[in-house]
Amino acid sequence: MSTERVRVKGLSIYRPIIYGNTAVVLTPEEREAHPSREHTHRWTVAVRSAASAENSDIVGGADDLGYFIRRVTFKLHETYPNPSRSTSQSSFAATSFSTRADVDKPPFEVTETGWGEFEIQIRITFIPEAGEKPILLYHHLKLHPWTASGADVEAPPPADVAAQLGPVHSWQYDEIVFTDPFQQFLNTLTAHPPTPLHKARRRPVPFHTANPGSLDASKGGVPEFTAAMEKEETQRLEEAKKTVVAEQEKLRVSLSEKEKELEKLRRELGEV
């Protein structure tokens with residue numbers, strides 16, 4: 001058997017990614033020229049590497065993820081017809097729209113226009129050498145400015161005010177962990193180490209509802225994930241895991257007690 005198709009037991013390796021969207025308000029001229037006059041925003045949803053390139057005007061994307069991701073499928077709202085539309089088309093340039101877009105090469109992103117927010121399903125398919133099943137992520141498309149609570153504003157600001165506020169960013173950090181990877185895939189991963197996140201803050205930080213205080217820090221330009229944020233997110237995920245484990249233990253104890261009560265009732269009925 002080739003060692004390339006042998007899994008390396010007891011080893012885990014991860015790759016940091018971000019997924020989310022950036023949205024901007026269409027100008028009056030763009031809305032006038034658009035086939036759907038009710039559309040108010042242009043947005044891009046994407047899966048990217050977590051680190052940002054120097055002097056970049058986008059969030060993340062310093063690394064090409066094509067060395068381990070084969071395809072990213074974005075499933076849009078069902079009100080977007082014609083699911084067979086080519087992903088090279090933009091809704092701003094065409095009268096047809098898609099509910100699903102398969103992106104087979106970087107950048108793994110789709111740009112569309114619309115007027116409403118909705119949940120987008122993101123399916124990541126890995127290269128064949130990985131031998132891994134696809135994973136699903138979910139992102140709530142964000143068009144309107146954030147509030148400290150993360151809740152939607154009662155009434156979106158007028159278009160001219162929203163345009164002055166600048167782009168709306170909504171991004172989530174995550175880590176894709178590969179446990180017991182195939183040797184060939186491990187070789188591919190180790191040959192492409194991810195660009196490290198900057199330790200210190202040099203740009204605005206992405207807003208996160210778990211940290212309302214980051215709202216002001218997220219303003220003033222294109223946000224960037226940092227090593228400090230990575231550490232905070234890891235800690236948040238660990239705390240969430242502990243909470244889940246604690247709840248599972250409570251349910252286990254409760255179930256055990258109920259089973260004992262049921263057994264007691266059965267014995268009592270048998271004695272009658």
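Biologist: Let's start with charges. How many salt bridges does the structure hold?
Modeller: There are ten salt bridges. Keep in mind that this is a predicted model.

Biologist: Which side chain does Glu109 meet in a salt bridge?
Modeller: Glu109 pairs with Arg48, at 3.3 Å from N to O. Glu109 sits in strand E5 (residues 108-114) and Arg48 in strand E2 (residues 41-49), so the pair links distant parts of the chain, 61 residues apart.

Biologist: And is Arg48 buried or exposed?
Modeller: Arg48 is buried, with a relative accessible area of 9%. Glu109 counts as partly exposed at 27%.

Biologist: What about Arg202, which salt bridges does it form?
Modeller: One is with Glu54, at 2.9 Å from N to O. That pair links distant parts of the chain, 148 residues apart: Glu54 is in the loop between E2 and strand E3 (69-75), and Arg202 is in the loop between helix H3 (183-190) and helix H4 (214-217). Arg202 also forms a salt bridge with Glu224, where the closest N and O atoms are 2.8 Å apart. Glu224 lies in the loop between H4 and helix H5 (227-271), so this pair ties together parts that are 22 residues apart in sequence.

Biologist: So which residues end up in that network?
Modeller: Glu54, Arg202 and Glu224 are linked in a network of salt bridges. Within it, Glu224 is buried at 1% relative accessibility, while Arg202 is partly exposed at 34%.

Biologist: Switching to the greasy bits. How many residues are in the largest nonpolar core?
Modeller: It has 35 residues, and those with the most contacts inside it include Trp43, Phe68, Phe74 and Ile120. Strand E1 (12-25), E2, E3, E5, strand E6 (119-126), strand E8 (168-179) and H3 each give two or more residues to this core.

Biologist: What does Ile120 touch?
Modeller: Leaving aside residues up to four places away in sequence, its contacts include Trp43, Val45, Phe74, Leu137 and Leu141.

Biologist: Okay, sheets. What order do the strands take in the open sheet of four?
Modeller: The order is E5-E2-E1-E8, with antiparallel pairing. E5 and E8 are the edge strands, each pairing on one side only. On average, neighbouring strands are turned by 15 degrees against each other, direction ignored.

Biologist: How many bridges join E1 to E8?
Modeller: Twelve bridges join them. As an example, Tyr19 has Gln172 in E8 as its bridge partner. H3 packs on the sheet, touching E1 and E8, and its direction makes about 55 degrees with that of E1.

Biologist: Last topic: how many aromatic pairs turn up?
Modeller: The search of the whole structure finds eight. One of them is Phe68 with Phe126, stacked at 6.3 Å centre to centre with 15 degrees between the planes. Phe68 is in the loop between E2 and E3 and Phe126 in strand E6, 58 residues apart.

Biologist: Why is the pair of Phe68 and Phe178 edge-to-face?
Modeller: Because their planes are at 85 degrees, with the ring centres 6.0 Å apart; planes over 60 degrees apart count as edge-to-face. Phe178 is in strand E8, so this pair ties together parts that are 110 residues apart in sequence. Phe68 and Phe178 are both buried.

Biologist: Which residues make up the ring cluster?
Modeller: Ring pairs link Tyr67, Phe68, Phe126, Phe178 and Phe185 into a cluster.

Key:
Residues numbered from 1 in each chain as written. Predicted model: local features only at pLDDT ≥ 70, side-chain atom pairs only at ≥ 80, totals over all residues. Heavy atoms only, no water. Salt bridge = Lys/Arg side-chain N within 4 Å of Asp/Glu carboxyl O. Buried < 20%, exposed > 50% of the residue type's maximum accessible area, 1.4 Å probe, protein only. Core = buried A, V, L, I, M, F, W, Y, C linked by side-chain atoms within 4.5 Å. Contact = heavy atoms within 4.5 Å. Pairing = 2+ DSSP bridges. Axes fitted to C-alpha atoms, helices over the stretch in contact; angles between N-to-C directions. Phe/Tyr/Trp six-rings, centres within 6.5 Å; stacked < 30°, edge-to-face > 60°.
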